[in-house]
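Here is a short note for a colleague opening this structure for the first time. Please keep the model in view while reading the points.

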Amino acid sequence: MIRLSKSFVGQAEIDAVTAVLGRGFLGMGEEVGRFEEELSTYLGGANQVVCVNTGTAALHLALQAIGIGPGDEVLVPSLTYVASFQAISATGAVPVACDVREQDGLLDLDDARRRVTTRTKAVMPVHYASFPGDIQGIYGFAKEFGLRVVEDAAHAFGCRVEGSYVGNFGDVVCFSFDGIKNITSGEGGAVSSSDEVVLERIRDARLLGVTRDSERRYRGERSWDFDVTHQGWRYHMSDVMAAIGRVQLKRFESELAPKRISLAKRYRLQLQSVQGLRLFSNDVAGVVPHILPVRILGGRRDEVRMALEAAGVQTGIHYKPNHLLTRFGAGKQRLPVTEKLYSELLTLPLHPQIELADCEHVAAVMSSVLN
Ligand SMILES: Cc1ncc(COP(=O)(O)O)c(C=O)c1O
C-alpha cells in the first residue's frame, strides 16, 4: 500500500526525545524556548514565534489575542480543514464561509468582499496545498476594510513568497506541526508575529492565562504567586514535542523540503498529459507541498479513486467544505466553485518516504483509467 501521508522521523528524533526523557521533566521548559528561537531565526528573524500543542490551538489563540469574540465575523474559505472553522467558532465569533478560486483553491477575494459587514473583524486566508497565492492582495483587502489577518499556514511551513518565508511578514501567522505536516513535533503548532501585545497574550493564554509563566518555565521554574487577567487554556507545547520539532527543523531544508518538491514535480510531469485531469496552478517557486490535490473532471473522481485503491494507492479528499457541515450551515448557503472542486478533488500520496517510482505508478494507474 502506498500511503497518502506518513510521519517521517528517524534515529535523530528518537535520540532527542530520549535526551529529554532523561532530564526528568517532560512539560514545557527550555526545549520549547529553544525551538521557538530556532523557528524565528529560520523564518528570517523579523517575527517572534510562540509554540502551542496544535495548529488548531495556534489559530484559536491568535484569534483570541487580536480580540475576536462573540458578535464578530471572520471571513474564511470553506475549502479548508474544519480546524479553521472550529478555531473561529471557539472564540464565539461566526466563521463566514467564502468561495475559493477554481485555479488554486484559495480564498476568492471578490466573494469575500460581498460578505463584509459591520461585524467583520478579520480574514483568515488558508494556504491551501502550501500555496500562499496573492498574499499581498489579501493584506490590501484587509487594509481596505480595517481587518486583522490570521493566516492559516498549517500547510505552508517553509514556503516562501518572493524570497521571504511565510511567517516572517504579515500580521499573525499560524503553523501546524502535526504528525504529517512539512515538519512535525508529534502534534504541535506555532504562531508567528511581530505584534508584541498579541505574542504576550498568546504566551499567557497557552498556560491558562497565568501571566508571564512562560519565561519562568524556560528557566525550569514555575509561578506560585501569579495573576490571571484573561481566559486561558492548556495549549502549551511540551519539551518532548519540541525535541522532535528541533530535529525536524534541522532536517527540513536539506532533506524534507527537497523530497516533497521533487515528488510534486514528478507527479506533475507524469500527469500533465492525462486527459480529464487538471492540476492546480500552485507549482510556484518557494512552495514546499504538504499535500498534492488534483482535479478529476467529468464526474470520474470516484472511479479513479477506486482504481487507485485496487492498485494499492491510498488517496484523500481535501476537504469536505465546511459550509456543508451541520454545525456551519448544513449547505443552506451555496458556494459554487467550492462545491464543484469538492466533487473533483483527489489528493495523491505525498510524504518523504514515497519514491519517484511510486509517483510513476500512481500516474500510470490514473492514465490507464482516464486516457
Ligand atoms: C488547513 C489546516 N488548518 C488547520 C489545521 C490544524 O492543525 P492541527 O492538526 O495541528 O491542529 C490543519 C491540520 O490538519 C489544516 O490542514
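Predicted model: local features only at pLDDT ≥ 70, side-chain atom pairs only at ≥ 80, totals over all residues.

1. Which residues of helix 1 are buried? They are Glu13, Ala16, Val17 and Val20. Around the axis they cover an arc of only 95°, so they sit on the same side of helix 1. Gln11 and Gly22 are on the other side, and they are exposed. In general, an α-helix has 3.6 residues a turn, so residues three or four places apart point the same way.

2. **Helix 1, length and end.** Helix 1 runs over residues 11–23, which makes 13 residues. From first C-alpha to last it reaches 19 Å, close to the 18 Å expected at 1.5 Å a residue. Gly24 follows helix 1. The phi of Gly24 is positive, near 80°.

3. Arg246 belongs to helix 9. Is Arg246 buried or exposed? Its relative accessibility is 15%, and the cut-off for buried is under 20%, so Arg246 counts as buried. One is with the side chain of Glu31, at 3.0 Å. Another joins Arg246 to the side chain of Glu38, at 2.6 Å. Setting aside neighbours within four places in sequence, Arg246 is in contact with Glu31, Arg34, Phe35 and Glu38.

4. **The ligand site.** Which residues come nearest to the ligand? Of the 17 residues around it, they are Gly55, Thr56, Asp152, Ser176 and Lys181. Gly55 uses its backbone: an N or O atom there lies 2.7 Å from a ligand oxygen atom. Asp152 uses its side chain: an N or O atom there is 2.7 Å from a nitrogen atom of the ligand. A polar side-chain atom of His155 lies 2.9 Å from an oxygen atom of the ligand. On its own, the ligand has 380 Å² of accessible area, and the protein covers 91% of this.

5. **Ala156.** Look next at the loop between strand 5 (148–152) and strand 6 (160–161), where Ala156 lies. Ala156 has 0% relative accessibility, so it counts as buried. What does Ala156 touch? Not counting residues up to four places away in sequence, Ala156 touches His127, Ser130, Val166 and Phe175. Asp134 is 22 residues from Ala156 in sequence. In space the two are 14 Å apart, C-alpha to C-alpha.

6. **Helix 12.** This helix spans residues 356–370, with 15 residues. Helix 12 reaches 21 Å from its first C-alpha to its last, close to the 21 Å expected at 1.5 Å a residue. Its buried residues are Cys359, Val362, Ala363, Val365, Met366, Val369 and Leu370. Seen down the axis, they fall within an arc of 155°, so they line one face of helix 12. What do these buried residues pack against? Their partners are helix 9, strand 10 (277–279), strand 11, helix 10 and strand 12.

7. **Helix 11.** Helix 11 covers residues 336–344. Thr338, Glu339, Leu341 and Glu344 are its buried residues. Their cover includes strand 3 (94–98), strand 11 (292–296), helix 10 (301–310) and strand 12 (345–348).

8. **Backbone points to check.** Most residues other than glycine have a negative phi, and most peptide bonds are trans. The peptide bond from His318 to Tyr319 is cis, with omega near 10°. Tyr319 sits in the loop between helix 10 and helix 11. Leu208 is not a glycine, yet its phi is positive, about 60°. Leu208 lies in the loop between helix 7 (196–205) and helix 8 (213–218). With a relative accessible area of 44%, Leu208 is partly exposed. Arg212 is in the loop between helix 7 and helix 8. The phi of Arg212 is also positive, near 55°. Arg212 counts as partly exposed, at 42% relative accessibility.

Terms used
Residues numbered from 1 in each chain as written. Heavy atoms only, no water. Helix = DSSP H or I, 4+ residues; strand = E, 2+ residues; numbered from the N terminus. Expected span 1.5 Å × (residues − 1). Buried < 20%, exposed > 50% of the residue type's maximum accessible area, 1.4 Å probe, protein only. Arc of directions from axis to C-beta. Near = heavy atom within 4 Å. Polar contact = N/O pair within 3.5 Å; in protein donor to acceptor, adjacent residues only side chain to side chain. Areas by Shrake-Rupley, 256 points an atom, 1.4 Å probe, with all protein chains shown as cover. Contact = heavy atoms within 4.5 Å.
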